[in-house]
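Here is a short report on a structure.

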Amino acid sequence: MHVYVEFLGLSRLVAGIKEKTFDLPEGTTFRDVVRRLKSEYPAMVGNVIQPDGETLQAPNIFNLNGRRMIQQGQMDDLLGDGDRVVLMSMSAGG
Amino acid sequence: MHGYSGKILHIDLATRKTWAESKPEKWYKVYIGGVSMATRLCWENIEVGCDPLSPGNPICVAGGLFAGTPVPVGGKWGLASKSPLTHFIGDSLSGSWFAIALKRAQWDGIVIHGASEEWVNVLVDDGRVEFRPASHLLGLGTYETEEAIREELGDDQVRSATIGPAGENQVLFANVTNDSRQAGRTGHGAVWGSKKLKALSIRGTNGVTVFDPKTLLELSYDIVDAAQGPHTQKYRILGTVSNVLNMNRLGLLPTRNYQQGVFEHAEIVSGEYLHENYRVKTIACAQCPIACEQMSRAKDGPYAGAMSGIEYESLYAVSSNCGIGDMQAAIKIIDVCDRGGIDTMSTGVTISWAMETFEKGVFAKEDFKCAKYPEGFEPYFGNAEAGVTLAEMIRDREGIGDLLALGTRKASARVDAERGTETFKWAMNIKGLETPGYDARALKTFALGLAAGTRGACHNRTAAYDPDIKGEVDRFSVDETRGELAKSTEEYAAVYDTLPLCKFIRRCFTGKADRAGAWPAIAKLINATTGWDFDYDDVDLIGERAHTIKKAFNIREGWTRADDHLPWRWQNEPMEEGASAGHVVTEEELEYLKDIYYEAKGWTQEGLIPREKLIALGMDDVAEEIGV
């Protein structure tokens with residue numbers, strides 16, 4: 001299945017691209033996406049991705065299709081074909 | 001007493017008398033510093049019910065507990081007066097060297113009374129006060145005024161808080177500026193202008209003593225180390241402007257005066273685009289290891305050379321919210337605001353109100369005549385040059401700028417009264433303060449936080465967007481948890497605003513930003529500075545007390561439950577596209593949210609504060625005046 005990952009903020013600077021389409025097997029979870037990102041963009045580890053390579057470094061967070069934020073406890077939730085995952089980092093203030 | 005001098009300086013601009021007031025240690029334990037102490041000084045010194053631009057409204061400056069110490073991001077100070085925009089408490093924070101100069105001059109706070117007959121620069125030279133003529137400084141911008149005072153005094157260590165032309169002209173959302181940082185939002189600049197106070201300068205030459213310097217240094221080193229890591233990386237590299245694309249994706253980016261939450265040109269007014277194309281350097285406040293301010297310069301075109309520090313809340317207001325997809329124009333508008341001494345957010349939102357009023361046919365081209373465009377101009381959404389020109393006209397109160405200088409609430413009321421229109425329906429303010437860069441129609445905990453905000457629609461005084469945006473609650477609906485969430489997040493923010501510490505350090509104590517992660521560490525910093533014995537609960541009380549004194553101030557100035565409102569648009573007009581389309585905060589939802597919020601606060605259903613609540617917080621004299 002195809003999952004679109006859009007990079008915002010720090011993750012865009014590290015990845016050097018705005019978005020990428022991943023061809024992933026059925027049953028892929030958000031944690032699997034983190035693993036894939038770690039593999040493709042190792043420079044994300046330590047700032048966007050936790051050193052364990054399994055979860056995101058706060059305050060980076062996944063958003064699914066513009067509506068649902070993915071909590072730490074939801075990292076094993078399944079993705080569907082055509083889902084758009086936005087990797088963002090919220091910054092308060094200003 | 002350590003960490004404080006125990007003295008407040010009073011200055012009367014009319015009589016030119018000065019005096020020192022001693023405060024007991026228990027007073028400091030309740031009010032601490034920053035916005036809380038500044039508000040308390042305002043409570044004690046204001047003529048209740050006064051016109052904010054009259055001599056009875058004092059200027060109240062409060063220092064920071066950690067200013068001048070090694071504690072990172074503690075170089076901040078608080079400023080309070082009755083706001084001419086809201087007629088309630090106007091409490092602001094600013095940062096950097098002025099805060100340290102105040103501490104070194106050994107004043108915990110300064111109260112400026114009355115009004116001067118001539119323009120004046122008040123110089124506080126340690127224990128001496130000098131009233132210096134300032135007429136020759138009129139018309140100078142904020143940065144230029146500060147520099148001129150340094151040159152005049154031949155001392156580059158003198159630090160000044162100044163007003164620009166907007167403050168002189170009493171634009172109701174004029175700022176006070178020091179070290180290129182702004183005490184913004186609620187119109188302090190207008191209050192200073194009404195008193196003919198062009199600047200407050202401080203030369204502080206004393207040392208700063210703390211209870212346990214060795215421990216304080218060790219604690220501070222650890223925080224500085226953490227502040228170089230991932231917890232602050234987003235601020236150091238991109239700054240808050242990275243929120244443009246986040247908000248756009250969530251359908252929450254104010255666009256064309258909050259008519260939409262998605263901006264088609266978001267990419268070219270984004271933080272990422274700014275970083276790539278216009279960022280010159282990143283700078284820091286004094287005493288800050290983070291350095292978040294993205295100094296950016298327009299490099300070509302009609303606004304080439306304009307330069308300013310760009311923050312998200314300024315950027316959304318003058319770009320997407322005005323339909324302007326031109327980063328260089330946005331930099332120029334922010335530059336006009338910062339040098340002229342006007343709040344960027346209120347300026348942008350007031351301009352967007354004028355643009356919509358023009359597009360709906362209430363205003364016509366001839367309403368926009370000015371020296372630059374004698375025949376007038378057409379300020380449709382997206383007209384960048386109109387945005388720049390209107391910011392200049394507001395600053396100078398030229399032409400229609402005189403009306404817009406009143407802010408959206410008063411300007412719309414005047415237009416509607418004169419023309420029989422309903423422009424109030426798109427006047428985006430709460431209590432008169434223009435709304436921030438998060439569309440609260442689809443952030444319902446945040447909507448409550450804003451509605452209940454003591455200084456109006458302020459994102460900095462409530463962190464209630466946090467649970468909404470992070471998805472910890474359903475942001476599109478309301479439930480019984482939101483009252484406690486609004487209380488908890490506003491009091492959390494008030495702890496930082498009172499010490500004060502910049503909130504960007506909040507993850508650097510233990511890696512976790514919540515109370516459990518931060519309060520024990522902050523208690524250690526307080527104790528090493530003062531010799532007190534604060535614990536988690538004492539730190540938590542700092543926030544409740546700070547919020548309570550601000551609320552008490554408002555109640556005494558006539559606040560009622562009806563003042564906790566939302567803009568008409570957020571209650572009646574859903575957005576049509578994007579991830580937040582289709583939502584409003586209904587009247588029923590808002591009234592329910594207020595009910596459960598007042599209950600969580602321990603207040604009455606009218607939103608008043610019981611006497612016993614105030615007494616339990618150590619505010620016995622406040623209980624006497626407004627307790628029920």
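How far apart do the C-alpha centres of domain 1 of chain B and domain 3 of chain B lie? They lie 26 Å apart. This is a predicted model: local features need pLDDT of at least 70, side-chain atom pairs count only at pLDDT 80 or more, and totals for chains, interfaces and linings use all residues. Residues are numbered from 1 along each chain as its sequence is written, and chains are lettered from A and ligands numbered from 1 in the order in which they are written.

| Domain of chain B | Residues |
|---|---|
| domain 1 | 7-203 |
| domain 2 | 232-415 + 427-433 |
| domain 3 | 439-626 |

In chain B, 35 residues of domain 1 are in contact with 28 residues of domain 3 (C-beta atoms, placed from the backbone, within 7 Å). On the domain 1 side, H2(B) gives the most, with seven residues. Helices and strands are DSSP runs, numbered from the N terminus (helices H or I, at least four residues; strands E, at least two).

Helix H3 (residues 97-104) of chain B is mostly covered: eight of its eight residues are buried (20 or more other C-beta atoms within 10 Å of a residue's own, with C-beta atoms placed from the backbone). Among them are B:Trp97 and B:Arg104. The buried residues of H3(B) pack against strands of chain B including S4 (76-82) and S12 (197-203). Just after H3(B), B:Gln106 has a positive phi of about 65°.

The contact between the chains takes 24 residues from chain A and 26 residues from chain B. Helices H8 (233-237), H9 (243-249) and H11 (312-318) of chain B each supply at least two residues of the chain B side.

Technical notes. Contact = placed C-beta atoms within 7 Å. Buried ≥ 20, exposed ≤ 12 C-beta atoms within 10 Å, placed from the backbone. Domains from an automatic or database assignment.
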